[in-house]
Amino acid sequence: MEKYGTIPKRFSRAWWSYFWEYYKWHTLGTLFAVILIITTAVQCANKIDYDLYITYAGPLTFAEESINNISSSLSEIIADTNADNEQNVYFQQLNIGNENPDPQYEMAMSTKLMLEFSAGESFIFIMSKDLVNTYLNGESYDSLFLPVSEWASVMPDDSEVSKADGVPYAVSLSGCTYFEQLGLNLEEQYLLIRNPRNSELEDEELNLQFENAKTAANLIIEK
């Protein structure tokens, strides 16, 4: 019988050469598919379901230890939103506005921030003063953030907030006790809470994440 030439005796030296010549791409394709399936399965098995997402955007760079400390401390006061008996916090940092920025990197981070606004999972945003002024005063970002009065347990003084049209939307973190206790100085950085989308309020898990954001934000700005 002939198929791609005469087939040598199976598993002989000639057969392996024949197999590699005619079936190597089939084999490599199958091997790649298997590796992809295994990798995806492992990633899914190790995937952490977070109960609170926080995004920082500005020139500061947080060390991994600081991020872990923030996540650990906030996880103690938030609710489990997905019934996995864990409270996990994800802190994402987008470095924007450095003194000597890489234009391409800066654009990529800015784009990622806009995507986080429109389709991301973060409710808490901590941003530099420059970015706060940009987004609070931009017409396309109308109603993007909640007024502070709608989430703060105690309303900060006028000197501690940033306003748009006379309405406070951002709370200054200068001299913030919470971050100072963690050894961090957030001078000229502000905290805001994103206005939840209707679909998020209708989803029980996402609505709980929104409540977690308000709980965490109040702890952070507490004097």
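1. Let's start with K163, which is partly exposed at 37% relative accessibility; buried here means under 20% relative accessible area, exposed means over 50%, and partly exposed is anything in between, using a 1.4 Å probe and protein chains only. The partner of K163 is D158, and the closest N and O atoms of this salt bridge are 3.3 Å apart. D158 itself counts as exposed, with 55% relative accessibility. For a salt bridge, a side-chain nitrogen of Lys or Arg has to be within 4 Å of a carboxyl oxygen of Asp or Glu.

2. A quick word on what you're looking at. This is a predicted model, where local features need pLDDT of at least 70 and side-chain atom pairs count only at pLDDT 80 or more, while totals for chains, interfaces and linings use all residues. Residues are numbered from 1 along each chain as its sequence is written, and side-chain values use heavy atoms, with hydrogens and water left out.

3. How many salt bridges does the rule give? The count is five. One of the salt bridges links K223 and E160, at 3.4 Å from N to O. K223 sits in the segment after α7 and E160 in the loop between α4 (129–136) and β4 (161–164), so this pair ties together parts that are 63 residues apart in sequence. K223 is exposed, at 65% relative accessible area, while E160 is partly exposed at 22%. Helices (H or I, at least four residues) and strands (E, at least two) are DSSP runs, numbered from the N terminus.

4. Now have a look at helix α7. E211 and K214 form a salt bridge there, 3.1 Å from N to O; they are three residues apart in the helix, which means about one helical turn separates them. E211 is partly exposed with 35% relative accessible area, but K214 counts as buried at 18%.

5. Strands count as paired if DSSP finds at least two bridges between them. β3 runs parallel to β1 (residues 52–58), with four bridges, and Y56 stands opposite I126. β3 is also joined by five bridges to β6 (residues 189–193), this time antiparallel, with Q189 as the bridge partner of S128.

6. Finally, the nonpolar cores, meaning sets of buried Ala, Val, Leu, Ile, Met, Phe, Trp, Tyr and Cys residues joined through side-chain atoms within 4.5 Å. The largest one has 32 residues, and W151 and F179 have the most contacts inside it. Elements that each supply at least two of its residues include β1, β3, β6 and α5 (177–181); α7 (204–221) is also on that list and gives the most, six residues. With neighbours within four places in sequence set aside, W151 is in contact (heavy atoms within 4.5 Å) with L146, V171, L191, I193, K214, A217, N218 and I221. There is a second, separate core of 19 residues, with L131, V132, L136 and A164 among them.
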